[in-house]
Amino acid sequence: MKKRVLSLILITVLVYIGTLGHDFQYDWDDHWVVINDYTTAGFTFSNLWHILTDFYRGQYAPFNELSYVFVHALFGYSPMAFHAMSIIWHTANVVLVFFLVRSLLCHIHGAAKSASYDNIAWLAALLWAVHPMNVESVAWVSASKILVYAFFYLLALLLYLKYIESPTIAKYIGLVLLFVASFFGKEQAVVLPLAFLLFDYAMGRKESVKYLLIEKLPFFILAVFLGVVTIISQGYAYGVPEYPLDKRLFFAGYTLFEYLVKSVLPVNLSYLYPFPCAPDGDIPVLLYAYPVILLALGYFVYMQRKHRVLVVGILFFVIHLLVAIHLISTSRFAVVADRYNYVAMIGPMMIITVSLSVLYQRRKAVALCLGLVYFAYLCTYTLIYQRRWVDSKTLKATTEAFVSTGRNENHKILKA
């Protein structure tokens, strides 16, 4: 166990150590998200109060801001220090993913084969650690909100599995506190009660549905309250386009499919995926196909429902993207953003590694070959892709060059 954890830490740090030489993205939010009066003011009572109570340009992420204050207090506005902070957060999350997947598999299938689950969980965490869709969250300091929220969120999921084993008031209070702490990192944490219900299904809890819903009621009430806070805070955003409901419904199908495809086989990654049409423009014909594709995928999963890991992995993926697929109007300039897939991608990685484990039992050489090739692809892509994030000039130049080749599917749709 210890060797597996240490290897995950070592590989994650080695993959991302190159970002220590990166600068801030001065033309892409770092100039106001990271470098601001809150960060500079330090740990004064007045500043801490403002961090906890102010809505800053559509942002409410006090715990993330506190992490900036901490780094600045020690190192000033050193880009290396802030990037090191992001690597530390991500590495800690990788370790938590390992324990989460391991615990989840043990609960679903029983602890009799816990040794094999160690290997599956290790590979799932490894693939997740080096996945290029996570580059944005790690290499872009402003995206550290994702890392902070995920840390407390994953702790909450792990604690909930412990709570299921032996429910106590102390654990329940701990779950509430972790829920709030995660939300103070980023608003995506509001789906935590749905994740709890999914884990109830995964664990096969024998309590009645009524009991389970009542048990989650405080979390749903808190989620509604925190959701209102999010809506109010985003009212402070400026210049963000608002799309009508009919278009957002089609965007939901498109974005969900894009996140799934890029999770399994990441290609054409970019720091900006523009909306396929203007708020008052016509919906591209291609978008009408996505609801049909998703219904077909949903039917396939339903037909395979006896494979609980598949169902849990897919539902985990969907639940953690609900606030990012435009069903609810939010202040975003992009239809898809890699960072919003950070926690959701744990589901597909778990499915992939369990599938490789099943194949390993039948075709050992084939499974090993596929696993190595897939890891090499993800790792290589990440090492190359993170170079785009060296500074604002490099990010914009490489993205514009990439778009000009016509390979970015989002821009093809935009021009359709």
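Reader: Which residues make the nonpolar surface patch of about 460 Å²?

Author: The patch is made by Phe43, Phe70, Leu74 and Phe75. Patches take residues with over 30% relative accessible area and no salt bridge, joining like charges within 9 Å and nonpolar side chains (Val, Leu, Ile, Met, Phe, Trp, Tyr) within 5 Å. The areas come from the Shrake-Rupley method with a 1.4 Å probe, and for residues only the protein chains shown count as cover. This is a predicted model, in which local features need pLDDT of at least 70 and side-chain atom pairs count only at pLDDT 80 or more, while totals for chains, interfaces and linings use all residues. Residues are numbered from 1 along each chain as its sequence is written, and side-chain values use heavy atoms, with hydrogens and water left out.

Reader: Where is Leu74 found, and is Leu74 buried or exposed?

Author: Leu74 is found in helix H5, residues 62–75. Helices here are DSSP runs (H or I, at least four residues; strands are E, at least two), numbered from the N terminus. Leu74 counts as exposed because its relative accessibility is 52%; the classes are buried under 20% relative accessible area, exposed over 50%, and partly exposed in between (1.4 Å probe, protein chains only).

Reader: What lines the largest pocket?

Author: Its lining holds 31 residues, and Thr353, Val354, Leu356, Ser357 and Val358 lie nearest the centre. At least two lining residues come from each of helix H6 (79–109), helix H7 (114–129), helix H15 (308–319), helix H16 (346–362) and helix H17 (364–385). H16 supplies the largest share, 10 residues. By class, the lining of the largest pocket has 18 nonpolar, 9 polar and 4 charged residues; Ala, Val, Leu, Ile, Met, Phe, Trp, Tyr, Cys and Pro count as nonpolar, Asp, Glu, Lys and Arg as charged, and the others, Gly among them, as polar.

Reader: How many cavities of 30 Å³ or more does a search of the whole structure find?

Author: The search finds 3. The largest cavity has a volume of about 180 Å³. Its lining has 15 residues, with Tyr56, Gln59, Tyr60, Ala61 and Glu65 nearest the centre. Helix H2 (30–33), helix H4 (45–53) and H5 each supply at least two lining residues, and H5 gives the most, with 4 residues. The lining of this cavity divides into 9 nonpolar, 3 polar and 3 charged residues.

Reader: How many salt bridges does the rule count?

Author: Side chains of opposite charge can pair when their charged atoms come close. The rule (a side-chain nitrogen of Lys or Arg within 4 Å of a carboxyl oxygen of Asp or Glu) gives a count of 10 salt bridges. Arg102 pairs with Asp118, with the closest N and O atoms 2.2 Å apart. Arg102 lies in helix H6 and Asp118 in helix H7, so the pair ties together parts that are 16 residues apart in sequence. Arg102 is partly exposed at 22% relative accessibility, while Asp118 is buried at 9%.

Reader: Which residues are linked in a network of salt bridges?

Author: The network links Asp200, Arg205, Glu207, Glu215 and Lys216. Within it, the closest N and O atoms of Arg205 and Asp200 are 3.0 Å apart, and both residues are buried. Glu215 and Lys216 form a salt bridge at 2.5 Å, N to O, and both are buried too.

Reader: Which residue other than glycine has a phi near 55°?

Author: Most residues other than glycine have a negative phi, and most peptide bonds are trans. Asn268 has the positive phi near 55°. Asn268 sits in the loop between helix H13 (245–264) and helix H14 (290–303) and counts as buried at 18% relative accessibility. Asp29 also has a positive phi, about 80°. Asp29 lies in the loop between helix H1 (2–16) and H2 and is partly exposed at 25%.

Definitions and conventions:
On a 1 Å grid over the protein atoms alone, a cavity is a set of points where a 1.4 Å probe fits but cannot get out, and a pocket is an open set with protein on both sides within 12 Å along at least five of seven lines; lining residues have an atom within 4 Å of a point. Grid points are joined across faces, edges and corners, and a volume is the space filled by probe spheres set on the points.
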